[in-house]
Amino acid sequence: MIRVDLTNIQSALGLPYEAALAPRLKIAHKHLQNGDGVGGEFTGWVHLPSQYDKEEFARIQAAAKKIQQDSQALVVVGIGGSYLGARGVIECLCSPNYNLKKKDTPNIYFVGNSLDSDHLTEVMELLEGVDFSVNVISKSGTTTEPAVAFRFFRRLLEERYGKEEAARRTYATTDRARGALKSLADQAGYESFVVPDEIGGRYSVLTAVGLLPIAVAGVDIEQLMAGAASMMEVCAQEGTENNPAWQYAGARYEMYRSGKKIEILAAYSPAFRFMTEWWKQLYGESEGKENKGLFPASVEFTADLHSMGQYIQQGERHLLETVVRFGPSDFENPVPFEEENGDGLNFLAGRSMDFIKTQAMDGTLLAHVEGGVPNIIVQADKNNAFTLGEIIYFFEYSCGLSGYLLDVNPFDQPGVEDYKKNMFALLGKPGYEELGEQLRAKLNR
Ligand code: PA5
């Protein structure tokens, strides 16, 4: 169960705002539930945890099993919403060091999320002598970064295994009917999974987009969906007192109205780092438009207390901090006692790492609130697949509510096209000749 603790923002907010905001939250909530708000055609994720395609889910599980049996590595090709969720979940549940661990599941390499030649070469080198499969993920099927990367890995697969076996080792997750990737998949006979029309990239982690790589890493995707389904029921309720998403969305909106400009998502677990990357895309693309929106940033504590801690404590006061806290670790790790006490740490001897972390969390919380950084706590249970399913759905639902409170369409991303147009023009893509000339003149080329 997710609990939102707003105790530490109260001093930053003047009047009780819940009553004033409740009618607007109710409207936003109804729009999400009924899919009749702006961008409502992209609210398929709202009921997904109970209404997903069970036949496809079983195919995902079967494909994951096959990949686990015939591959030592899975190359996942994708970017943005077709990348961050899977990586976030795998790092959070299986470790950021997943590829280095002794395990009976394949290594997972994420490519197509940059245009970096060194990275591409490195992954190809890592695949030497390694049996591998490829999961290419692109809803549009036309995104440049993954499309280019897929050319390289498609060729590598075909050189290694021949065309037929290469096709058997390629899994395409894309639109049901449209796009270059769909055509490629149909021609070559790749096993295909669908990104539903009514679910945008950044809300798609609980579709095949995230589920196939996550299942290959050995995560129990049934538990992940069960956690999301449980949070879906909680978030379907009306009222700030019952619904943690109403509490979080309402509080951060009120903080924004009171002048905060940046929300930092913090966690005290290195494994959560890529979940914060996923969260940044979710909120940044959903809210950052029409000159509005909190800028979503992230930190990993306690590491970043030694780098960003100074700014958070005393820099410009435009920050709001949201901290995701997990329940206790399975590992106690009491600090060993040392007779000599050369490091002076015997006052901690016998204390578990969790105990020390809790004091660090509480101490930091008090310091930040005192320093003018209001703090929202998102308290989750023990880190496992069920809990992470809850967290994913909670942040998605809160994001939809937040977007509607801001009066923006939380499900489009028109600004993303601008860099793409310029890049295509500079690369000489047919149809962009005139823009290409204008841009080259600006660049003096
Ligand atoms: O959320 C979004 O829509 C984007 O971030 C996309 O996920 C990203 O651009 C990748 O798009 P596609 O899956 O079409 O390749």
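Mentor: Start with glutamine 281: a side-chain N or O atom there sits 2.5 Å from a ligand oxygen. Bear in mind that this is a predicted model, where local features need pLDDT of at least 70, side-chain atom pairs count only at pLDDT 80 or more, and totals for chains, interfaces and linings use all residues. Numbering runs from 1 along each chain as its sequence is written, and side-chain values use heavy atoms, with hydrogens and water left out.

Serine 82 also reaches a ligand oxygen, with 2.6 Å to a side-chain N or O atom, and glutamate 285 brings a polar side-chain atom to 3.0 Å from a ligand oxygen. On its own the ligand would expose 380 Å², and the protein buries 89% of that (Shrake-Rupley, 1.4 Å probe). Around the ligand are 13 residues (a heavy atom within 4 Å), and those coming nearest are Ser82, Ser138, Ser140, Thr143 and Gln281. The shell splits into 9 polar, 3 charged and 1 nonpolar residues.

Now the charged pairs. There are 26 salt bridges (Lys or Arg side-chain nitrogen within 4 Å of an Asp or Glu carboxyl oxygen). One of them joins arginine 325 and aspartate 362 at 2.9 Å, N to O. That pair links distant parts of the chain, from strand 9 (residues 319-325) to helix 13 (residues 353-370), 37 residues apart. Elsewhere, shared partners tie Lys66, Asp70, Glu165, Arg168 and Arg169 into one salt-bridge network.

Definitions and conventions. Polar contact = N/O pair within 3.5 Å; in protein donor to acceptor, adjacent residues only side chain to side chain. Nonpolar A, V, L, I, M, F, W, Y, C, P; charged D, E, K, R; others polar. Helix = DSSP H or I, 4+ residues; strand = E, 2+ residues; numbered from the N terminus.
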